[in-house]
Amino acid sequence: VQLQASGGGLVQAGGSLRLSCAASGRTFSYYNMGWFRQAPGKNREFVAATIWNSGTTDYVDSVKGRFTLSRDNAKNTVYLQMNSLKPEDTAVYYCAAGRGIMRIPSGYDYWGQGTLVTVSS
């Protein structure tokens with residue numbers, strides 16, 4: 001599976017962005033899909049994920065109620081709608097595909113290249 005993330009940019013606090021992650025490969029629908037982020041000087045942090053067979057989603061507490069993850073298996077694409085953005089959301093955002101534990105990076109086998117989100121105060 002190859003992943004291509006896009007949609008990052010510069011936005012003011014309180015604004016919105018929608019990230020997309022397009023996947024190649026016929027087995028996209030059999031993978032959990034996750035979003036992680038990494039701010040300068042910090043470890044990669046789990047943001048959100050969806051289970052491949054149930055569509056159940058999971059979010060880190062800091063984004064609950066503001067971010068929404070969705071996937072379109074017909075388009076091989078997963079989205080992260082980010083609303084009410086805060087300066088602390090500034091990071092490079094990565095999408096990933098895997099079949100392991102969803103909240104940790106080692107649970108994923110494939111990674112996109114990352115897209116930068118900058119939220120100004």
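## The surroundings of N32

N32 touches T50, I51, W52, R71, A96, A97, G98, R99, G100, M102 and Y108, leaving out residues up to four places away in sequence; contact here means heavy atoms within 4.5 Å. This is a predicted model, in which local features need pLDDT of at least 70 and side-chain atom pairs count only at pLDDT 80 or more, while totals for chains, interfaces and linings use all residues. Residues are numbered from 1 along each chain as its sequence is written, and side-chain values use heavy atoms, with hydrogens and water left out.

N32 belongs to strand β4 (residues 32–38). Strands are DSSP runs of E with at least two residues, helices are runs of H or I with at least four residues, and both are numbered from the N terminus. With a relative accessibility of 6%, N32 counts as buried; buried means under 20% relative accessible area, exposed over 50%, and partly exposed in between (1.4 Å probe, protein chains only). The side chain of N32 also reaches the backbone nitrogen of W52 at 2.9 Å.

## Strand β9 and its partners

Let's move on to β9. Seven of the eight residues of strand β9 (residues 91–98) are buried, so this strand is largely enclosed by the rest of the structure. β4 and β9 run antiparallel and are joined by seven bridges; two strands pair if DSSP finds at least two bridges between them. Within this pairing, M33 stands opposite A97 in β9.

β9 also has three bridges to strand β11 (residues 115–120), again antiparallel, and Y93 has T115 as its bridge partner in β11. With strand β10 (residues 110–111), β9 pairs in the antiparallel sense over two bridges; here A97 stands opposite Y110.

Where does D89 lie? D89 is found in the loop between β8 (77–82) and β9. At 1% relative accessibility, D89 counts as buried.

The side chain of D89 makes a polar contact with the side chain of R37 at 2.9 Å. A polar contact is a pair of N or O atoms within 3.5 Å; within protein, one must be able to donate a hydrogen and the other to accept it, and residues adjacent in sequence count only if both atoms are side-chain atoms. Apart from neighbours within four places in sequence, D89 is in contact with R37, R66, F67, S84, V117 and V119.

L17 stands opposite M82 in β8.

## The protein as a whole

The protein has zero helices and eleven strands. Buried residues make up 43% of its 121 residues, and residues 24 or more positions apart account for 56% of the contacts with a separation of 6 or more.

The C-alpha atoms fill a box of roughly 40 × 25 × 25 Å along the principal axes. With 121 residues, a compact globule would have a radius of gyration near 14 Å, and the 13 Å of the protein agrees; the radius is taken over C-alpha atoms, and the globule rule is 2.2 Å times the number of residues to the power 0.38.
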